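Please keep the viewer open while you read.

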Amino acid sequence: MLSPERPGQFRVLCLFALFEAACLLDTGMLFPRESSSREVKELSGLWSFRADKSPDRNLGFDKAWYKSRLRETGPVIDMPVPASYNDITQDPTLRDFIGWVWYEREVVVPARWITDEGTRVVIRVGSAHYYSIVWVNGVKVTEHNGGHLPFEAEVGSLIRKDPTQPCRITIAVNNTLTLETLPPGSIQHIDDITKYPKGFFVQNIYFDFFNYAGIHRPVLLYTTPTAYVDDITVVTDFLDNTGRVNYKVSVQGATTATVKVTLMDKDGHCVASSTEPFGVLKVVDVNLWWPYLMHESPGYLYSMEVRLMAANERSTHEDVYTLPVGIRTVSVTSTQFLINKKPFYFHGVNKHEDSDIRGKGFDWPLIVKDFNLLKWMGANSFRTSHYPYAEEILQMCDRHGIVVIDECPGVGIKDIRSFRNASLNHHLDVMDELVRRDKNHASVVMWSVANEPASEMPPAEFYFKTLIQHTKALDPTRPVTYVSNSHYARDKGAPYVDVICINSYFSWYHDPGHLEVIPLQLNTQFENWYGKYQKPIIQSEYGADAVPGLHSDPPMMFTEEYQKVVLQSCHNVFDQKRKQYLIGELIWNFADFMTVQGITRVVGNKKGVFTRQRQPKAAAFILKERYWRLANETGRLPPWTKYPCSL
Ligand code: GCB
């Protein structure tokens, strides 16, 4: 990260490393945007769907379902995209299905995309869980290992082969988890026919959320010219009143190219420009990007327009891509987290992508509602527990000034076999994909490489050292952490992180019902961790389940009163420690969410301060009161808010 103590040369080295790292990733993953040279066609809506319920789940491949229309090889049902398929029907075998499911959609492609050979047509899947294979008109175009991150393939030549036919897109998705996937899981077959039906198996998972599956984010077709802006990397900083946007533009498909880069303010006025593909844009009287409640106008974004004039064997092209850019710095000291060289205290939440019916499916009404709730309660940050969220959510964070700890899907690494090289290599690949997608978001201030791994196991040291060093090499401008619940003295990865993140549930999983232990145990936790590592600490999870509407006084577990008192007892300790080295508190969880069925879960995890339908429990008001008070103390509230505030 950029440290105020080490300006100048360090920054240049960092930038050089970041741009080098960007080069190591073979291609860019710019969010598809329309422009004068680019079109986007969204394929959200109804797709045909079939789950392959054959015993070995392989019938679709044996019978090559991708070669013809899905409805010609068997029955299909309507399936909305984006959505998890699990909760869409009344069929319990589909809710709990494990194996391959097949999606298909026919698309009519605009004639100009086909006739213009200078147009590149790309299919992009925002995310599909977990393993995906994509065919266009029966020809495989790509496969992807992992949910939560986008993947794409060029399909123009296939579409052009037979322009009289609609373009048929088939996507097969498999949610089977193994010890090498992220998150890991394992399939267990149970052969005891006296107790279990023939062929019985279960998927064991080591994480606490339902393994929703399907095409979770929008599928798009988009175009670029054949010579195009493939990637942009920006790193920002400032000195006094002057902002600096260090940038690099990568171009593909051109034999000759010139670039014009223009940085515009909110009103569309040019504030800096350049004709180099690599350089620094200086912004006089800069408007910095500030977090929500830290400044009167948080989330200030410039627009960086990249205009490429290029030629290749076929023709000359102009490509235009506009990237929103927030100018800010991030750094840590042994006791503070600094944004724009000022102390920042995370008062926020952990979330899930989770809702009724849609599961983990992308849904704008839900996203906007969640942002309104975050702002209502005065939250300035969240962690993307336990996997990368849709990029559209990060764009909202950029615009609203909500600070993000961006977590990869490294959750549930509990089995010692998941520390082997195959797992580590996949984890490194996932970090590459995550940094490539999210590196330009001002809201993203820290990477989290895992949640609650078995970090006390001997192989964890090599694993996390490698992973954290790799992530820092990919992006030297942001701190790196992972979230621990291990014992402070046995945690193998803690020496390598920049910030210590700890999850703990005193009076819940430990000493259930004994609220009186919280002050002592939480205090001991902080003193132990800080004493050993001298790094700033975030309480990255704490909380208690509350079944909405369940009450008792004196408080008993699972009531709204008990949840309230757990929070208040923790807050008292946080208030002491934030004067020293505690740099944040993130409640577990923003909202109730679905989990596997089990004796500790009453139709899901109920630690939300909002219900799954986003109605507040008593705890939400406790947090609202606290977060606005913290904001009042530590930040500068926008003029349109007054404390106590009701937005
Ligand atoms: C944790 C996990 C989170 C769980 C939570 C709980 O430590 O990180 O995924 O949902 O505890 O409620 O048990």
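The report below goes from the ligand site to the annotated domains and then to some backbone details.

## The ligand and its pocket

Please bear in mind that this is a predicted model. Where does the ligand sit? You will find the ligand in the largest pocket. The shell around the ligand, sorted by class, holds five charged residues, four polar ones and four nonpolar ones. Of the 13 residues around the ligand, those that come nearest are Asp208, His386, Glu452, Tyr509 and Lys607.

In Glu541, a side-chain N or O atom is 2.7 Å from an oxygen atom of the ligand. Trp588 places a polar side-chain atom 3.2 Å from a ligand oxygen atom, and for Tyr505 the distance between a side-chain N or O atom and an oxygen atom of the ligand is 3.4 Å. On its own, the ligand has 320 Å² of accessible area, and the protein covers 92% of that.

UniProt, in an unreviewed entry, lists residues 41-225 as "domain: Glycosyl hydrolases family 2 sugar binding". In the model, this span is 41% strand and 10% helix, and its end C-alpha atoms lie 15 Å apart.

The unreviewed UniProt entry also gives "domain: Glycoside hydrolase family 2 catalytic" for residues 330-631. Here the chain is 34% helix and 16% strand, with 19 Å between the end C-alpha atoms.

## Backbone details to inspect

As a reminder, most peptide bonds are trans, and most residues other than glycine have a negative phi. Some places in this model depart from that pattern. The peptide bond from Val81 to Pro82 is cis, and its omega is near 5 degrees. Pro82 belongs to the loop that runs between strand S3 (77-81) and helix H3 (92-95).

Asn589 lies in the loop between strand S32 (582-587) and helix H12 (618-634).

Finally, turn to Asp285, which is not a glycine but has a positive phi of about 50 degrees. Asp285 can be found in the loop between strand S19 (278-283) and strand S20 (302-311).

Terms used:
Residues are numbered from 1 along each chain as its sequence is written. This is a predicted model: local features need pLDDT of at least 70, side-chain atom pairs count only at pLDDT 80 or more; totals for chains, interfaces and linings use all residues. Side-chain values use heavy atoms; hydrogens and water are left out. A residue is near a molecule or strand if one of its heavy atoms lies within 4 Å of it. A polar contact is a pair of N or O atoms within 3.5 Å; within protein, one must be able to donate a hydrogen and the other to accept it, and residues adjacent in sequence count only if both atoms are side-chain atoms. Accessible areas come from the Shrake-Rupley method with a 1.4 Å probe; for residues, only the protein chains shown count as cover. On a 1 Å grid over the protein atoms alone, a cavity is a set of points where a 1.4 Å probe fits but cannot get out, and a pocket is an open set with protein on both sides within 12 Å along at least five of seven lines; lining residues have an atom within 4 Å of a point. A molecule sits in a cavity or pocket if more than half of its atoms lie within 2 Å of its grid points. Ala, Val, Leu, Ile, Met, Phe, Trp, Tyr, Cys and Pro count as nonpolar, Asp, Glu, Lys and Arg as charged, and the others, Gly among them, as polar. UniProt positions are given in the numbering used here, feature names are shortened, and annotations may be inferred rather than shown by experiment. Helices (H or I, at least four residues) and strands (E, at least two) are DSSP runs, numbered from the N terminus.
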